[in-house]
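Colleague: I have a model open and would like to learn how to read it. Could you walk me through it feature by feature?

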Amino acid sequence: MRVGVITFPGTLDDRDAARAVVVGGAEAVSLWHGDADLKSVDAVVLPGGFSYGDYLRCGAISRFAPVMQLVIEAANKGMPVLGICNGFQVLCESHLLPGALTRNSDLHFLCRDQVIEVVNNQTAWTNSFKQGEKIVIPLKNGEGSFQCDDQTLAMLEGEGRVIARYLGENPNGSRNLIAGISNAKGNVIGLMPHPEHAINELTGPSAQGLGFFTSILNAMVK
Amino acid sequence: MALDTVAIAQTTPDNSQPFAELGLKPDEYARIKEILGRRPTSSELAMYSVMWSEHCSYKSSKVHLKQFGEKAPKSDALLVGIGENAGVVDVGQGYAVTFKIESHNHPSFVEPYQGAATGVGGIVRDILTMGARPIAVMDPLRFGPADAPDTRRVLPGIVAGVGGYGNCLGLPNIGGEVTFDETYAGNPLVNALCVGVMKHSDIKLAKAAGAGNLVVLYGAKTGGDGIGGVSVLASETFGAGGSTKRPSVQVGDPFVEKVLIECSLEIFAEDLVVGIQDLGGAGLSCATSELASGGSGGMKVQLDKVPLRDPSLSPEEILMSESQERMCAIVEPSKIERFLEICKKWDVTVTVIGEVTDGNHLEITWNGELIVDVPPRTVAHDGPVYNRPLAQPDYINQVNSQTVNVPIPATASEIKAAVLKLAAAPNLADKSWVTSQYDKYVQGNTIQSQPDDSGMIRIDETTNLGVAISTDANANWSYLNPYQGAKLALAEAARNIATAGARPLAVTNCLNFGSPEDPGVMWQFAESVRGLADGCLEMGLPVTGGNVSFYNQTGAVAILPTPVIGVLGVIQDVRTRTPMSFTQAGLDLFLLGETHEDLAGSEWAFLHDQRVGQSPDADLQREMRLIELLLEGNSFFAAAHDLSQGGLSAGLTEMVLRHKVGATVSLENAGVELISETPGRVIVAIDPAHTSRLEGIAIKNSIVITKLGTTGGDALTINDAVISLAELSTAHTSTFPRLFG
C-alpha cells in the first residue's frame, strides 16, 4: 500500500509524516507540489508546515498547486486524504472540507502536548481507535482555531463529522473544541494536532498518534 | 550622486570622503589610502568601513581571542576550527556536527521581532554554509527587570521573533535561557545557536578557488534593508536616538530561507559547489572579499547583475545591504546548468555575477566601469587590530571585600517561604510561556528540550547516535570575578550535558560585553577569555568558534559581563539517556558534590539586591571527575539534574514539578543548603538497590555524596516544611503569565 506525502515549498513535517507512514506499515511516496502526478498512491497525507510562508492565507496558495488538482479529483472519488495542521488548512481552502482555521485566540503560536478524544472511529483514518479513546499528541500551530457558521457546525455535529475534540481548556478558541473533521464520505480528514510527532515515546509524548497511520491500512484491506 | 570609479579616484586624490560617518577612524582611513596607493572609491570606502567595523573585524578582541588557538587542547574531534563560518567536530559513525552561537543584541532592542528573527536566520545560514542540514536551534535571552515596562515591549517581541522565524524553518528549538537583570534594560541579549549535521565528506568551506569558476548569487533579491546595519548598529553605543535607527534593522522572510535551505542541501548533495558563503553582516562586501581571499585570491564581479528589490539602490548600498536569505556560491562552469535547474525547481532567484580570477584583485564593475579594485585580503582579514588599554575596574575590590548579608531561612515556615520565593523568581520560574511558542517536535528527532538540563537531538535513527547541547552563563559570578565566571559557565554547560549521559566534546561561545573603549570592560573581557581558554585547555575541550558582541551599554552603564558558553557532547544511544526527573516513588535522592556557604552571586542574594562577595573558584579537576561519575552512573540513574542558579531549592522544585512526583528530604543545615550555589553539584535519583554501585563510582572518582531523601507523595517536604506540589506549581508557573499576559 502506497501513501503519498506532499511537499509544498515551506512544508516542514513531510519527513516526519513519511516516517509515520512507514512505521504504520505502508510505503511512503514523496509527491512534489509542482508535479501533476500522484504516482499511483492509494492515499495522500498533506503534512504540516508553512506552505508558501502562509502568505495571503494559510493554504490559500497551495490549493492551486498542480498536484492538488489531482488530489481534489481523487478525494472526490473516495481516496483517503489526511491533512495535518497546514494540510488541514489546505483542505479547507480546497473546499474538500468546510470551515476555516484562524489565528489562535491568544494570538501566540502554541506548542504543547494535547489530550484529544477521538469521537468518530468510523473513518478511513481513525478506525484503529476505540470510540471515545483519549490520546496525547503534540499540538503546534499559530492558526489552529476552527471556525465555521452555525449551520455548518450543526451539520458537522449532526452527521458525526467531528472526528476529534480537544479535552480540557480550549487551546485555541476552536468552535466546539474541534480538533479534526471529516468530509461527508469520511475519506478526507483534517486534523490540527500532529499524530506524526507521536509515533514513539522517545521523540514524542506518546505512540498514540500511530493509530491514524495504521487505520489507513485497515481501511484499504476492507 | 555621480558614480565614483577607480579612474576618478586616481585623478581626484584630495576629494573629501565621509569616512568618519561610516565609523572609520582617521588612521584607519589613512591606512586604506596606503593600501590602495590612492583614495578609495566610495564603494571601496563602504566595503572597508563595514568589514573593518568591530562586529566584522574583531579588532578589539582579536589579540585576546588568539588564546583559544594558543591554548587549544589536543583534540582528534576538531575537523574545522575557528575562522570558518562555524566549527565542525567529528561525532563518530562518519558524522560531523557543526554548531555556533551568535548575538543579535542591538537590532533586537531597536526592533525586537525582526531583530530576533534575523538573528535566528543568520546563524542558521552559517550552519548551512558548512554543508550541514540545520537540525536544531537554541536561544539564550537576557532582558531588563522582568517588571519593567520596556521588558514588556522587548520580551514578547523577541520571543515571537525567535519562534516566528525558527518555527517556519522547521527547526526544533531545544533550549536556551531567559534571565533578567537591570543592566540588560536597553541592552537585551539575543544569542542564537544553531547545530547542523553532515557526513565528513560533505563539509564545505568559504573559498573561491579555481580561476574561471563562476560566482553565483542565489536566494532573496537585494533591498535597502539593513544597509550598514552592522557598522551603524553593532559598533556604536546607544545614545538617546535609538528609534531613528529603525531602518538599519534587517527584515527576515523565513519562508524564503526554508526554501533556500532545501535548495542548498540539494545542490550540496550533488556536489555542485567549490566554495560557499552566506550573506550576513556586511552582505556582498563580506562574501566577495572572504571568498576571494580564502581561495585563488582574485574575483571579478559585475555588481549591476545583482537582482534588486529596489532598483534605485546605488552600488555602495548594494555592497553594504544586509538583505537576508542570500547565499554566494562558487561553481565550476560545467556544473552551472544543473545548479540553475535546482534553483528553478525551488523557485529560487539565481544569478551569475562574476568569476574567480588568479592574482590578488577583487574587481567590481558597475555597468562596465571599475568601481572597486582592492586586494581582498586587506578587506577581509587585514583590518585594524587594537590592543586596547585594560584595567581592573574599581568596583572589583570594593565588592570582593564585602560579604553577602541576607536572611537565612531557619524555621519551617521560613524555609517554605524561601522555596516558594525562589520558585516564583523570574529568573527561576517556569518558562513555558516562552518555550510553548517554539516548535520542539519538528523533524521528529528531539529527545530532550526545555526544561531539561540540555537539548538532545538524535542524528541517526538506526544507531540512535545523538548530540546534546547546553548554553550557560552566570553573569553574577562573572561580575564578581570574570576569570572564574567564564570557567564556571563552562563547567556548568559541560555538567548539563553529562547529567543526561552525553560526553562533552567541544565548545562555542558568545561573549557579550559593554564598550571595549572602557578599560574596565576590556579587562572583564580579557579575564573572561583567559578564563575560558584556560578552562577549555584543562578540560580538554576545543573552542570551535564563537562571537563577540561589544558596546552592550547605555551611557556609562555596561551590561554584566556575560560570556555565554555552549558545550556540545555526544551520546552513543539516545535511548539510554538519563532524564532530568523521576516518575516514580520510592527512589533514593543523592546529592553529588559538597555544599558550602556560597551565597555570593546567588539568586537568593540577587533577590535581596546583593551583588557582592567573592565568586566560588572553579575546580575543573573535580568537575571532570563528576562528569566521569555521571557517565558511569548513566546506566542506572533514574534521574539526574544539575544544580545551578537557585541551588538545591530550585533543583528540587524543578524535579518534583516535572512529573508531579514529590520528595521528602532532610537537611542538616537546611537554610544555607537550600540557597547556596556551590558549583559542581548534581542531584541523582536511584533505585535503593543501586546504592552500593553509586558509592563505588563516587569513591572511584573522589566525589562526596550525601543522601538527601526519597521520592514520592504529593508534596516537597524539607525537614518540617511541607510544600504541596499544587502550591509549588502555582508559584512556579504563574510568574510569566502574570508578567507577560
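Colleague: What separates the centres of domain 1 of chain B and domain 2 of chain B, taken over C-alpha atoms?

Modeller: Those centres are separated by 50 Å. Domain bounds come from an automatic or database domain assignment, and here domain 1 covers 1-69 + 204-383 while domain 2 covers 578-741 of chain B. This is a predicted model, in which local features need pLDDT of at least 70 and side-chain atom pairs count only at pLDDT 80 or more, while totals for chains, interfaces and linings use all residues. Residues are numbered from 1 along each chain as its sequence is written, with chains lettered from A and ligands numbered from 1 in the order in which they are written.

Colleague: Thanks! Which strand order does the open sheet of six strands in chain B have?

Modeller: Strands of a sheet pair through backbone hydrogen bonds, either parallel or antiparallel. Strands are DSSP runs of E with at least two residues, helices are runs of H or I with at least four, and both are numbered from the N terminus; two strands pair if DSSP finds at least two bridges between them. In chain B the order is β14-β15-β16-β21-β17-β18, with mixed pairing. Its edge strands, β14 (446-448) and β18 (543-549), each pair on one side only. Parallel strands β17 (residues 503-512) and β18 of chain B are joined by six bridges; in one pair, Thr508(B) is partnered with Gly545(B).

Colleague: Which strands does helix α21 of chain B lie across?

Modeller: Helix α21 (residues 519-539) lies across β17, β18 and β21 (562-571) of chain B, at about 175° to β17(B). Contact means C-beta atoms, placed from the backbone, within 7 Å. Axes are lines fitted to C-alpha atoms, for helices over the stretch in contact, with angles from 0 to 180 degrees between N-to-C directions.

Colleague: How many residues does the contact take from chain A and from chain B?

Modeller: Chain A gives 23 residues and chain B gives 23 residues. On the chain A side, α1 (14-24), β6 (110-118) and β7 (134-141) each supply at least two residues.

Colleague: Last one: why does Ala60(A) count as partly exposed?

Modeller: A residue is buried if 20 or more other C-beta atoms, placed from the backbone, lie within 10 Å of its own, exposed if 12 or fewer, and partly exposed in between. Ala60(A) is partly exposed because it has 17 C-beta neighbours inside 10 Å. Ala60(A) is found in the loop between β3 (43-46) and α2 (66-76) of chain A.

Terms used: Two residues are in contact if their C-beta atoms, placed from the backbone, lie within 7 Å.
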